[in-house]
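Hi everyone, thanks for coming. Let me put the model up on the screen, and then we'll walk through it together.

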Number of protein chains: 2
Amino acid sequence: MDAKIRLHLDQHLAPGQPLPLTRDQAHYLFGVMRLAEGARVLVFNGRDGEWLAEVTGTGKRGGELTCRERTRPVRMPPDLWLVFAPIKKARTDFIVEKATELGAARILPVQTDFTNAERIRQDRLQAHAVEAAEQCGGTYVPEVEDLQPLSRLLAGWNPARRILWCDESRVGAPAALHGAEPGPWAILIGPEGGFSPAEQARLRALPFVLPVSLGPRILRADTAAVAALTLWQATLGDWG
Amino acid sequence: MDAKIRLHLDQHLAPGQPLPLTRDQAHYLFGVMRLAEGARVLVFNGRDGEWLAEVTGTGKRGGELTCRERTRPVRMPPDLWLVFAPIKKARTDFIVEKATELGAARILPVQTDFTNAERIRQDRLQAHAVEAAEQCGGTYVPEVEDLQPLSRLLAGWNPARRILWCDESRVGAPAALHGAEPGPWAILIGPEGGFSPAEQARLRALPFVLPVSLGPRILRADTAAVAALTLWQATLGDWG
């Protein structure tokens, strides 16, 4: 029987390991997907790879899987962070989903001078990352941080991690990435309206920042995030 | 006064040209945006560039702008088509929006062996392309074709137009694009579940098809569309 359902579980995975289910997980597997005892699902916890598990107990408010055998090792993404200014709800959700699919290791929402968002639902965004990993065959879930000011993030920045800055002033062709060194990187995407003049001046002065233009058309922030992740993965990441 | 509103009008644009408004346009400008006589908006028709226009008549069911002066020439995208298999409604809308932002010249939805969609709302998708061009500063709107079978499209294909095939079998690094010749191209994105074995064999046998892998993670069709448009624009398009 083909195991199509993939479930993220925050539990240790090993052969024979019993995996108790939460109420929500039981509702999904038995109420929505109508699985019966003996059915198989794929499970992962972001650390131990992907495992085949079998339904060994069903119930309305709970149930249990039993972990059987590992089907795939964990595949870590490259050491790439996505730093972005949250925008409207649906598009912020979308950015987290796409960053997970495209292999960002960590997702950092930031407040910039032109960011309207005062706070984010970190738990909801983290759940989006989990769901994206479930749906897209991932074995790793990027951590979504809580909202923090860009200025504070930059003040404590490790200069060994370079920043690919998607710069609306349109200097720097994407080809500049070809000469860039691999290693830890972050992609920085601004809000609608871009970065303030003060932020632009600060970013321009940082030696580890590489400004890159994403073409002659104005991109929405969510489009820019996907485009920048793509360019980075294709030149410095694991798309080779 | 700053003209922030951009409106696509299917009318000839020239200095002094009166531009009668439809009921929907009048509702948007006067009911929603509360513009009064003398207010300025930017208009474009996809052919004559972007123009400054002035409100010279307002009404609940109509009104008129008068075209003043051209603010930007038309900027045509490169000769790039996006051929894709429609998926769920929201994600299909999203693909059309992103293809417009990223500079596709023409958008062709196709039925493949694994496509569920029997038909599309071509008019609604075209309206999405118009809206994306309005919001993103574009002066060109790609034409969205009606749904057609992929097999028929390929049967009449001009071999001078190369196809970048986003191939889930994961052969061909994105770097292959660097050696590719510029000119007319199309990007081909499959549905969830990919292409059937028969379709894959047919595509593989076509000399103008370049298969390219989009990395080791499984991408949703909408992510794949944005990623492929990005790679093409950055290597063969107008992002240089």
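A nonpolar core here means a set of buried Ala, Val, Leu, Ile, Met, Phe, Trp, Tyr and Cys residues joined through side-chain atoms within 4.5 Å, where buried is under 20% relative accessible area, exposed over 50% and partly exposed in between, with a 1.4 Å probe and protein chains only. This is a predicted model, so to speak of local features we need pLDDT of at least 70, and side-chain atom pairs count only at pLDDT 80 or more, while totals for chains, interfaces and linings use all residues. Residues are numbered from 1 along each chain as written, chains are lettered from A and ligands numbered from 1 in written order, and side-chain values use heavy atoms, leaving out hydrogens and water.

So, which residues have the most contacts inside the largest core? They are A:Leu82, A:Ile187, A:Ile189, B:Leu82, B:Ile187 and B:Ile189, in a core of 83 residues. Helix α6 (residues 221-235) of chain A gives the largest share, ten residues; helices are DSSP runs of H or I, at least four residues, and strands are runs of E, at least two, numbered from the N terminus.

Now the sheet. In chain A, five strands form an open, mixed sheet in the order β1-β3-β4-β5-β2, with pairing called when DSSP finds at least two bridges. β1 (6-8) and β2 (18-20) of chain A are at the edges with a single partner strand each, so one side of each has no neighbour in the sheet.

Over in chain B, four of the five residues of β3 (residues 40-44) are buried, so this strand is largely enclosed by the rest of the structure. β3(B) pairs antiparallel with β4 (residues 50-58) of chain B over five bridges, and B:Arg40 has B:Glu54 as its bridge partner.
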